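Open the model in your viewer and keep the sequence panel beside it. The stops below go from strands to side chains.

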Amino acid sequence: MDYGSSLSVLHQSFEDSQFLSFDSQKLTTFPDISLEKLRYLTIFDNQISKIPQELWKNQYLEVLNLSANQLDFLPEQIAKLTHLRMLDIAHNQFEVLPDIFDSFEKLEFLYVGNNNLSFLPKSIGKCESLKYFNCTDAKLTTLPESFEGLVNLEEIRLYHNAIKILPDE
């Protein structure tokens, strides 16, 4: 059997795929494949500490799950993923998130819990399509005033925080 050609075909099928899951594979880096055509990418429960620049070139990505990794920095280039409907960056090591959420007009589901966040960016309140927001088990003490802009929010989970002040509305 020619394993070389089989691996080449397998790699080509990954290159053409729109849906990829590399969950619980103990990866320390992103797989070396093209990420530009993906609509759905989940790399949940690995040990990834850096997001490759190539991901920001994707014009089609709708679902991105990077939860349960070793990420501590979310580049502002994530704002280029304007078609995101679901973003899961929970269970990482973020202490701060970039103030770029106004770029996500289609975002419906946002998971940022189980990080070391003491505050949220004001731009989260501009995610008018947001239906579900989860920031449990963080270190939040307040919510941004912009939260009143989340008019389509159906469910919000904020338990195990230290929130003492809520926005007026």
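Strands here are DSSP runs of E at least two residues long, numbered from the N terminus. With that numbering, select the loop between β5 (109-111) and β6 (132-134), where Glu-128 is found. The coordinates belong to a predicted model.

Next, show the strands as a cartoon. Seven of them make an open sheet in the order β1-β2-β3-β4-β5-β6-β7, and the pairing is parallel. At the edges are β1 (19-21) and β7 (155-157); each has a single partner strand, so one side of each lacks a neighbour in the sheet. From one strand to the next, the twist averages 5°.

Zoom in on β1 and β2 (residues 40-42), which pair in the parallel sense over three bridges. Pick Ser-21, then its bridge partner in β2, Thr-42.

Which side chain does Glu-62 meet in a salt bridge? Select Arg-39: the N to O distance is 3.3 Å. Glu-62 sits in the loop between β2 and β3 (63-65), while Arg-39 sits in the loop between β1 and β2, so the pair ties together parts 23 residues apart in sequence. Searching the whole structure gives four salt bridges.

Technical notes:
Residues are numbered from 1 along each chain as its sequence is written. This is a predicted model: local features need pLDDT of at least 70, side-chain atom pairs count only at pLDDT 80 or more; totals for chains, interfaces and linings use all residues. Side-chain values use heavy atoms; hydrogens and water are left out. Helices (H or I, at least four residues) and strands (E, at least two) are DSSP runs, numbered from the N terminus. Two strands pair if DSSP finds at least two bridges between them. Axes are lines fitted to C-alpha atoms, for helices over the stretch in contact, and angles run from 0 to 180 degrees between N-to-C directions.
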